[in-house]
Amino acid sequence: MKIAVDAMGGDFAPEQIVFGAVRAAKKYGCEIVLVGDEAKIREVLKREKGWENLGITIHHTTQVIEMDEHPADAVRSKKDSSVVVATKLVKDGECDAVLSAGSTGAAVTAAQLILKRIKGIGRPTIATPIPTPKGVTLMLDSGANVDSKPIHLVQSGMMGSIYAEYVFGIKNPRVGLLNIGEEETKGNEQARETYPLLKELRSINFCGNAEGRDIPKGNFDVVICDGFVGNVVLKFAEGLAKTIMKLIKEAIKDGGILAKLGAFLLMPTLKKLGKRLDASEYGGAPLLGVNGVCIISHGSSNAKSICSAIGVANDYVNGKVLEHIKETLEQEEILMKES
């Protein structure tokens, strides 16, 4: 296993990216290619003893795509940018997966232009795991496409179901279409047109419409929506989780000696809760639908998140998700309709 890591992408690059890569090399035993400014990367690696023996190499690049740049224009004009070069390493077969915490738009664009889409897939989709009392709910799309046609949502349902099965080990995943009600006739035109198409699929366990509250409850294993809605849901969930933890801390602080004593006794439980709500436990989300393995990480990723994201790439490759998607596309004629 060899992972190409965009060392210059993210709010805390290259420090946290490099530290996370070193941690992952130790944890997963995979080879890692750090792509970016060699001088800056080596400066960080000086603080990591023994990194030379971990299968870590550096691929020097001279450019970086910034968050405020237009993704398509930047990918086309900055051929020697870290995310473009890292993606090319996968295209050329030198690496098994690419990971970036930089501009999501740039990472998605680079994957589509360089790795290309899987034949039959209209638009790639980002699949993000959301923690629930029952495990995780995989939500897609969480930001790759803001305007999706019904057939694109159907394709997302198929790919998400495969990912949930072969990476999370969920047998016959329950797939739901995010909507404002359970009834088949509910929702906007997009939802009403998508519902009957999902019912036609033989390869997924479509269980009907999912409402917003079903996501955190874990009533579905896979929930489908377009990227505009999915991104709003995801960021709302992230903000809510942080707010809940903050409110708990403030309540303990202002509650007097008994509250502090109670918190001390509950500390192991609170730590477990915080860990379950911590986005860095998953680290990255796969871009499903491109002809290669591409993992998207949050811009504010720290070393722990990057390490976890490399673990996601590892699971994606080992689960042969790409191969299973291609096999299913051949079996389901409806999925091949891109328009």
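A residue is called buried at under 20% relative accessible area, exposed at over 50%, and partly exposed in between (1.4 Å probe, protein chains only). The model is predicted, so local features need pLDDT of at least 70 and side-chain atom pairs count only at pLDDT 80 or more, while totals for chains, interfaces and linings use all residues. Residues are numbered from 1 along each chain as its sequence is written, and side-chain values use heavy atoms, with hydrogens and water left out.

Helices (H or I, at least four residues) and strands (E, at least two) are DSSP runs numbered from the N terminus. Helix 4 (residues 82-91) is largely enclosed by the rest of the structure, because 8 of its 10 residues are buried. Among them are Ser-82, Val-83 and Leu-89. The buried residues of helix 4 pack (heavy atoms within 4.5 Å) against several elements, including strand 1 (2-6), strand 2 (31-36) and helix 5 (104-115). Gly-93, with a positive phi near 80°, follows helix 4.

Helix 12 (residues 321-331) has buried residues too: Val-321, Leu-322, His-324, Ile-325, Thr-328 and Leu-329. Viewed down the helix axis, these fall within an arc of 160°, so they line one face of helix 12. The arc is taken from the directions from the helix axis to the C-beta atoms. On the face turned away from the buried side are the exposed residues Glu-330 and Gln-331. The buried residues of helix 12 pack against helix 6 (150-166) and helix 11 (303-318).

Side chains of opposite charge can pair when their charged atoms come close. The structure holds 7 salt bridges, each a side-chain nitrogen of Lys or Arg within 4 Å of a carboxyl oxygen of Asp or Glu. One of them joins Lys-78 to Glu-69, with the closest N and O atoms 2.8 Å apart. Lys-78 is buried, at 19% relative accessible area, whereas Glu-69 is partly exposed at 23%.

Another salt bridge, between Lys-199 and Glu-184, has an N to O distance of 3.6 Å. Lys-199 lies in helix 7 (residues 189-200) and Glu-184 in the loop between strand 8 and helix 7, so the pair ties together parts 15 residues apart in sequence. Lys-199 is exposed, at 51% relative accessibility, and Glu-184 is partly exposed, at 36%.

Thr-62 sits in the loop between strand 3 (56-60) and helix 3 (71-77). Thr-62 counts as exposed, with 59% relative accessibility.
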